[in-house]
Amino acid sequence: MAFFELRLFRKGVSMNILGELRSRFATILAGYTDRPGEFLAQIHTSQDDRFGDYQADFVMPLAKQLGRKPREFAEELLRHLDVSEIAHPPEIAGPGFINFRLRDDYLERILEEILTDCRLGVVPAAKPETIVIDYSAPNVAKPMHVGHIRSTVIGDALCRTLRFLGHRVISDNHIGDWGTQFGMIIYGYRHFLDREAYHEHPVQELARLYRLVRQLIDYQEGLKKRQELERQLAENEASLNQLRAQSEGASEAERKKIAKKLRQVESQVIKLRDDLAEVCAKINAVERDDRLSRIAKEHPDIEQKVLQETAKLHAGDPENLRLWREFLPHSLDEMNRIYQRLGIQFDFTLGESFYHDRLGPLVEDLLKRGIARESEGAVCIFFPDIDTPMIIRKQDGAFLYATTDLATLCYRMETWKPDAILYVVDFRQSLHFRQLFAVARRLGFDRVKLAHVSFGTVLGEDGRPFRTREGDTVGLESLLNEAVRRAAEIVNANDDAKPGGPELLPEERRRIAEVVGIGAIKYADLSQNRTSDYVFSYDKMLAMTGNTGTYMQYAYARIQNIFAKGGVNVETIRQLGGRIILKHPAERALGREIVRFPEAIDLVVEDYRPNQLTAYLFGLANRFSTFYENCPVLQAGNAEERQSRLLLCDLTARVIRQGLELLGIEVVNKM
């Protein structure tokens, strides 16, 4: 991606002010450094209106590199910079910050240009690329849950944004439709099936079988782990007591050394206690339930039996293949129903099963080329700078997730020849993607950009991964249902409280609640820095104030209400056009925020962070709220002022609608 390219000129007016400022500085900085990009990134919008509209912070670090005095260096740079048609004379503040305040007539001209631009100033990429985005990727053996929301909505937002910029985007849902989870379901189907439940709700019954078999396997594994964890814990607790005793009679210097070791052992003891508590909880959950305890005793080798069922499926066993083909459509139908409700579509859904026949030949090719080698019966790829090898075939001949991902990468390169592949997968897979990308380079895929777009975890209010009171992972559909139910309560209460009585028909209320509820969940996720964990809260995400999807949708509906009250036809005011006048500070602040829309889009794709767009939209909605309170629209002082303010309202609504659309969120005209 070219982040500092000059974006667009119309009649001499740049439609991307930040891009324009960076472009003008780029030529100047090229005379002082061979890495101008890292300094150009330090030109940004001002956080405080007192310091103008834009600010350049690169002077001090660059001056330090050059051995120059910052203020003198800033003055020298400004002698080479001409922004007279854009801004008032730049000011040097403090030790070397450069502040820019845009000319009002310049802002007005940009706004008038955007009025007739269906893209609101956002220019398609000069060099469109082919970009594959791998996201969502649930295991179809069980219903989608809250853990899938982040990958799904982040990936969809990136698809929409990159397509809006003119790139050829290929969305590929790499579902888990093969492997051990189906061995677990096949085993469960043969031994624990409730046929009536399967007939009524096949996906729910298959999910129950999966959870039951998983619980039994965890129990058997826990019995093996418990004794070893107890031994390790006893050893570490003894070491801890010994170190504490040594510390009592030691000198100050020795105590410092012991203190460091103490902290390490204490940390290890805490971890071992947590691990042991988790294992014991799984054991107790089975042993305290008479039915589960009986089943566990009847199936002591369940893990090996599941692996055998999986191996038979992979080997083409007719009966296991028949069952797999019977299970899969039910799961896919359920999964697609959720996607339809979320408004998400994929170009391709190529699951792990699609690549199964490619795995054997791939491993043999990697061995032949010397990229992989045998180690203790397994086939591995070793790396000079990564301690852990990538195992691509186990001792028993079974392939792994890594093998499938390598085959998938090769297929994508051969089929679509992309310029970039983005993997929207949680941060716990970081090591896997370091390995995968390293192997890709060895395979000769040098030109493609490979990026792991990682993200954090959705937490409950207790700071742990968000789960139900029973400790189960929250199902995605139940999450959506609850959000829509709560949104309906808000919509109904607001409509009932209107001075002239309710305005919405029951069907309108239901539709608005669906849009608001689904939008709230998406926006709550996308508004977070994707690499951070965040605490899930229905109350916060549905709030009518603050950085929420509901607040954005309300701002849009408020503008539509202005038009409805004034009997204003939006198409007519656009055709009439006219001058945009920024006399009041609130008008200027709103106008300045509108023209920053292209900058917000650029910031999203710089590091694949949709929260850059949500932050921008929140700022825009706040500017509009101030404008609404201070600048009468329908009761403006004269016709010219009224038309100007109507046009500002229309532009604001268009930007909010377009911005939310890029995030996969709908708007409504009434709330």
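Against which helices do the buried residues of α12 pack? The views below begin with this helix.

The structure is a predicted model, in which local features need pLDDT of at least 70 and side-chain atom pairs count only at pLDDT 80 or more, while totals for chains, interfaces and linings use all residues. Residues are numbered from 1 along each chain as its sequence is written, and side-chain values use heavy atoms, with hydrogens and water left out.

**View 1. Helix α12 and its packing partners.** Helices (H or I, at least four residues) and strands (E, at least two) are DSSP runs, numbered from the N terminus. Helix α12 comprises 13 residues, 302-314, and reaches 18 Å from its first C-alpha to its last. This is close to the expected 18 Å, a span defined as 1.5 Å times one less than the number of residues. Its buried residues (under 20% relative accessible area, 1.4 Å probe, protein chains only) are I302, V306, E309, T310 and L313. Because they cover an arc of only 100° around the axis, they lie on the same side of α12; the arc is that of the directions from the helix axis to the C-beta atoms. These buried residues pack against α7 (180-192), α9 (202-248) and α13 (318-342). Just after α12, G316 adopts a positive phi of about 90°.

View 2. In strand β12 (residues 420-424), five of its five residues are buried. In a regular strand the side chains alternate between the two faces of the sheet. Both faces of β12 are covered, with A420, L422 and V424 on one side and I421 and Y423 on the other. Strand pairing requires at least two bridges found by DSSP. Four bridges join β12 to strand β7 (residues 130-134) in parallel, and Y423 is the bridge partner of D134. With strand β13 (residues 449-453), β12 pairs in the parallel sense over five bridges; here I421 stands opposite L450. The chain passes from β12 through helix α16 (residues 430-442) to β13 in a right-handed β-α-β crossover, meaning that, with the strands pointing away from the viewer, the path from the first strand over the helix to the second runs clockwise.

View 3. S293 lies in helix α11 (residues 290-298) and is buried, with a relative accessible area of 15%. Leaving aside neighbours within four places in sequence, S293 is in contact (heavy atoms within 4.5 Å) with V286 and E287.

**View 4. Confidence along the chain.** The chain averages a pLDDT (the predictor's confidence in each residue, from 0 to 100) of 92, and 97% of the residues score at least 70. Over residues 1-13, pLDDT stays under 50.

Definitions and conventions:
Buried means under 20% relative accessible area, exposed over 50%, partly exposed in between (1.4 Å probe, protein chains only).
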